Amino acid sequence: MDEKKYQQLEQQITPKTPYLKNCLKAFITGGFICLVAQFIALFYITFFNFTERTASNPTVATMIFLSMLLTGFGIYKKFAQFAGAGSAVPITGFGNAVVSAAIEHRTEGYVLGVGGNMFKLAGSVILFGVFSAFAVALIKSILVALGVVSW
């Protein structure tokens, strides 16, 4: 078989990629994730007296936690298969990457398998940075609520 016939045969057999459909799915699902994050931010603003500026840290931490929880239950994988690039919103994609690596390497043990590999994939600096920001915001919120410090 010569090269031209092979290319024609390949084009006939290869399924066409629905680019427009994939873009719409990514746009809608990515927007839905952002909408959920906006509602979570409004929840923190309404019920915990966060400002628009200060609600971002607990919102990020909550979105990471939710994506990790959904990944642990196997729901995020199905969602990502449907959403494609829309599920790769940085925050939720980060949580998914951490937990996916932990699940994949759990047979190697909790310290070297889960702990070592989940930090290797997603980046320990980012994980500790986000977690530290959440912890500091939570502590400061408690201190502000108790009247020890002010914003």
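Before you start, note that the model is predicted: local features need pLDDT of at least 70, side-chain atom pairs count only at pLDDT 80 or more, and totals for chains, interfaces and linings use all residues. Residues are numbered from 1 along each chain as its sequence is written, and side-chain values use heavy atoms, with hydrogens and water left out.

**Stop 1: helix α5**

Select residues 90–104, which form helix α5; helices here are DSSP runs of H or I, at least four residues, numbered from the N terminus. Its 15 residues reach 21 Å from first C-alpha to last, close to the 21 Å expected at 1.5 Å a residue (1.5 Å times one less than the number of residues). Now show the side chains of Thr-92, Phe-94, Gly-95, Val-98, Val-99, Ala-101 and Ala-102, which are buried (under 20% relative accessible area; exposed is over 50% and partly exposed in between, with a 1.4 Å probe and protein chains only).

**Stop 2**

**Stop 3: the aromatic cluster**

Next, select Phe-43, Tyr-44, Phe-47, Phe-48 and Phe-50, which form one aromatic cluster. Rings of Phe, Tyr and Trp (its six-membered ring) pair if their centres lie within 6.5 Å; planes under 30 degrees apart are stacked, over 60 edge-to-face and the rest tilted. Phe-43 and Phe-47 sit four residues apart in helix α2 (residues 19–47), about one turn of the helix. Phe-43 is partly exposed at 39% relative accessible area, while Phe-47 is exposed at 58%. Tyr-44 and Phe-50 make an edge-to-face pair, because their ring centres are 5.7 Å apart and their planes at 80°. Tyr-44 is buried at 15% relative accessibility, as is Phe-50 at 10%.

**Stop 4**

Finally, pick Phe-73 in the loop between α3 and α4 (75–83). Phe-73 is exposed, with a relative accessible area of 63%.

Methods:
Helices (H or I, at least four residues) and strands (E, at least two) are DSSP runs, numbered from the N terminus.
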